[in-house]
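Have a look at the model below, and then read on.

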Amino acid sequence: MNRLIKVCAVCVVIVWIFCMGLAVGTFKVRNKYKKELEPTSESAVSVQQSQQNAQTSQIVIDMVTNQTTLPEKKDDPLGEKTTGSGNISTFASSEGGSEPTPSAQLPSSYADIAKALVNAVNATKATQNFTAEKKEKLTINIDSVTGGLKSLADSIISKSTDRPDTVCTFSNGVDSAGSGKTPNSLIAPINKMASLSADAIKDAKVTPGTNGAYTIEVELKSETQTLNQSAKNHAGIFETLDISSFGLPSNVSLTEASIDYSGARVTANINKNGKLDSIAYVLPITQGSASGKMSVVPVSISMHGQYDCSVTCTYG
């Protein structure tokens, strides 16, 4: 019996030793694979940085030239670069086709814009050989008439019609059709060189075109014209109205008259040579009034309206 107990005890010890060996071996194997498969935090960071470097240092190989280049850095995901000056913005597109005028060459300040517009108008007025087509319309609306002057009102309303289009082909500075018109008498201001002060500008915009061309849009500040005082800012770039041109009856004498201009706009397309491809004028008359006498009867009239004009030029 004692011998059997001893044998059993020895067997238990042997089994215990065997199990402990398995446990230790398994732990070592697991620890070994854990070290190989799970790097430390420093190793993980190193691997991540290597992956990032591989992405940012991607190499492009041209299969035709066999040249190796790095990818270009894109400045703008939209493919546009914007420059601004005050209320004027210009854009340089990255798309194909003709390139717009570089923004550095465009007028920016109101003074520069006024100068560029005036120079383009005067350069066109001085051109000897080109064709110009002019379209214009004057609309007058009578608000009130006193003194029973229906004939006076009718004479003013008669100006509210489209004027015939004028087409002139200038040769040596004179219309070859014999109309006697010159570029200076066709393009506003009529029969004088253009002028414009930066102080007269309420708002302005410059838009680049192609092949060195660009567009100028200008709105003038409000101004009043009277019998004794011209609207000098408007008269420097527009064909302003003249009360005497309304065809008033000969027995009507005016003692007072005023015309209020507000929202007057000029849009000029200027080519690479600094001349007009086209120019459009919008001259609103927000309020006009005149008073005087018809023979000995007091008269007065109130009105509003608008003058529209455009000139398109063709060279060569």
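Phenylalanine 170 has a relative accessibility of 2% and is therefore buried, a word kept here for residues under 20% relative accessible area, with exposed meaning over 50% and partly exposed in between (1.4 Å probe, protein chains only). Before we go further, please keep in mind that this is a predicted model, in which local features need pLDDT of at least 70 and side-chain atom pairs count only at pLDDT 80 or more, while totals for chains, interfaces and linings use all residues. Residues are numbered from 1 along each chain as its sequence is written, and side-chain values use heavy atoms, with hydrogens and water left out.

Which ring sits with phenylalanine 170, 5.3 Å away from centre to centre? The partner is phenylalanine 130, and the pair is tilted because the planes stand at 45°; rings of Phe, Tyr and Trp (its six-membered ring) pair if their centres lie within 6.5 Å, with planes under 30 degrees apart counted as stacked, over 60 as edge-to-face and the rest as tilted. This pair joins distant parts of the chain, as phenylalanine 130 belongs to strand 5 (residues 130-146) and phenylalanine 170 to strand 7 (residues 166-171), 40 residues apart. Phenylalanine 130 is buried too, at 3% relative accessibility.

Phenylalanine 130 also pairs with tyrosine 315, this time in a stacked arrangement with 5.5 Å between centres and 25° between planes. Tyrosine 315 is partly exposed, at 26% relative accessibility. Together, Phe130, Phe170 and Tyr315 make up one aromatic cluster.

Now for the nonpolar interior. A nonpolar core is a set of buried Ala, Val, Leu, Ile, Met, Phe, Trp, Tyr and Cys residues joined through side-chain atoms within 4.5 Å. The largest one has 51 residues, and Leu117, Leu196, Ile216, Val218 and Ile279 have the most contacts inside it. Its largest share, seven residues, is supplied by helix 3 (residues 110-125). Leaving aside neighbours within four places in sequence, leucine 196 is in contact (heavy atoms within 4.5 Å) with residues including Ala114, Leu117, Val218 and Asn233.

Finally, step back to the whole protein. Six helices and 15 strands make up its secondary structure; helices (H or I, at least four residues) and strands (E, at least two) are DSSP runs, numbered from the N terminus. Of its 316 residues, 30% are buried.
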